[in-house]
Amino acid sequence: AMNIACRGTRCVFFCVYTAGDSKRRLFAETYTNGKWTLRKVPGAATVDPRIAESFGESGAIACPTTKMCIGVARLANDQPVAVTVDLTSARTPHVTSLPVEVTGDDNAAAMRGIACPSAHRCIAIGDAYVLSWDGADHEYDQGGWKSFAMVYNHGTWTSKDVPLPAG
């Protein structure tokens, strides 16, 4: 499944292409003035092959204005990122690492969605299955699934706890 976000007559979707070296790379496809343009996303040389279609499957794209769109996903190093695309120019998309705070030794965070009521405020959501290690190469569950939210406020992303049900 692919997801697309538009504002006015401008749109963006994120896609993964496999290069000649068999590595999957993240790109942004933008639609402006009746023309599609492919843009390589810097710092996202490779995408986690387990979730290579994470942008499309998670619906994690928002366009708060006719000038910009923001997507969230996870890279091959399990780092959650936000990718900002300027729809008014051919500038390279901007990648920001998200400071997700989920405790545990193995807690690959997956980004699941984003909403942006304005260009300066967004909320992204995600989850992680939290595991820890006992030092003898045995993993143990440390609370299972944890949800989290990331809040974007005038250029800064911060991690926010999301309450879990009791029991």
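Let me start with the disulfide that joins Cys 63 to Cys 69, with an S to S distance of 1.9 Å, where a disulfide is taken as a pair of cysteine sulfur atoms within 2.5 Å. With 100 degrees about the S-S bond, this link of Cys 63 and Cys 69 is right-handed, and both Cys 63 and Cys 69 are buried, a word I use for under 20% relative accessible area, with exposed meaning over 50% and partly exposed in between, for a 1.4 Å probe and protein chains only.

Before going on, please keep in mind that this is a predicted model, in which local features need pLDDT of at least 70 and side-chain atom pairs count only at pLDDT 80 or more, while totals for chains, interfaces and linings use all residues. Residues are numbered from 1 along each chain as its sequence is written, and side-chain values use heavy atoms, with hydrogens and water left out.

A search of the whole structure finds three disulfides, and, if the bonded cysteines are numbered in sequence order, the pairing reads 1-2, 3-4, 5-6. Cys 116 and Cys 122 form one of them, with sulfur atoms 2.0 Å apart, and at 110 degrees about the S-S bond this link too is right-handed. Cys 116 is buried at 10% relative accessibility, and Cys 122 is buried at 1%.

Another disulfide is formed by Cys 6 and Cys 11, again with the sulfur atoms 2.0 Å apart; here Cys 6 is partly exposed at 41%, whereas Cys 11 is buried at 11%. Cys 11, in strand E2, is also the bridge partner of Cys 6. Strand E1, residues 5–7, runs antiparallel to E2 and is joined to E2 by three bridges, where two strands pair if DSSP finds at least two bridges between them. In this hairpin two residues lie between the strands, and Gly 8 takes a positive phi near 65 degrees.

Which residues make up the aromatic cluster? Phe 13, Tyr 31 and Trp 36 form it, with rings counted as paired if their centres lie within 6.5 Å, using the six-membered ring for Trp, and with planes under 30 degrees apart called stacked, over 60 edge-to-face and the rest tilted. By this rule there are three aromatic pairs. The rings of Phe 13 and Trp 36 have centres 5.5 Å apart and planes at 65 degrees, so this pair is edge-to-face. Because Phe 13 lies in E2 and Trp 36 in strand E4, residues 35–40, the pair ties together parts that are 23 residues apart in sequence. The rings of Tyr 31 and Trp 36, with centres 5.0 Å apart and planes at 50 degrees, are therefore tilted.

Leaving aside neighbours within four places in sequence, Ile 114 is in contact, meaning heavy atoms within 4.5 Å, with residues including Ile 70, Val 72, Cys 122 and Trp 157.

Note on methods:
Helices (H or I, at least four residues) and strands (E, at least two) are DSSP runs, numbered from the N terminus.
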